[in-house]
Amino acid sequence: QQQEGQAEEGLSFDVGPEEFVEALVRAGFLRAKEDGPTVFEHLMRPRTGLGGKLGHADFCRLADFQAPASSATLRKFRTFLLSQGEGGLEEAWNRLSPESEFLAESDLTSTLEGLSYDAL
């Protein structure tokens, strides 16, 4: 019997960034075109030299993702980030952390307090 998250024998596929975004659009994600490329890049991070494609193992990694908050809280945070200026989600994040790709929780908290974010 096949276990959850395990590919069927012989199942093989590669998905590029355009196909990934199109799949998100078809699945009903409203901001797929805006946020999909960033999600694709996140899934690609541990891989190099594989032609810019995602495979079955990359999609299985999504099951291991643990969100730091509820979906409603994350949507509210996303809306707040986007309200802070022009550009997409990545640009909004970069405004919070211009010096680094990563931001310590204490730095994030103090930055959000400075921006009067009320959901801390």
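This is a predicted model: local features need pLDDT of at least 70, side-chain atom pairs count only at pLDDT 80 or more; totals for chains, interfaces and linings use all residues.
The term covers a side-chain nitrogen of Lys or Arg within 4 Å of a carboxyl oxygen of Asp or Glu. Both residues sit in helix 1 (residues 17-27), four residues apart, which means about one helical turn separates them. Helices are DSSP runs of H or I with at least four residues, numbered from the N terminus. An α-helix has 3.6 residues a turn, so residues three or four places apart point the same way.

Arg26 is exposed at 70% relative accessible area. Glu22 is partly exposed at 35%. The classes are buried (under 20% relative accessible area), exposed (over 50%) and partly exposed (in between), with a 1.4 Å probe and protein chains only.

The structure has two salt bridges. Asp35 pairs with Arg78 in a salt bridge, with the closest N and O atoms 2.7 Å apart. This pair links distant parts of the chain: Asp35 lies in helix 2 and Arg78 in helix 4 (residues 71-82), 43 residues apart. Asp35 is buried at 15% relative accessible area. Arg78 is buried at 18%.

## Helix 2

Helix 2 spans residues 32-44, 13 residues in total. From first C-alpha to last it reaches 17 Å, close to the 18 Å expected at 1.5 Å a residue. That expected span is 1.5 Å times one less than the number of residues. Its buried residues are Ala32, Asp35, Gly36, Phe40, Leu43 and Met44.

## Basis

Residues are numbered from 1 along each chain as its sequence is written, and side-chain values use heavy atoms, without hydrogens and water. Local features need pLDDT of at least 70 and side-chain atom pairs count only at pLDDT 80 or more, while totals for chains, interfaces and linings use all residues.

Methods. Helices (H or I, at least four residues) and strands (E, at least two) are DSSP runs, numbered from the N terminus.
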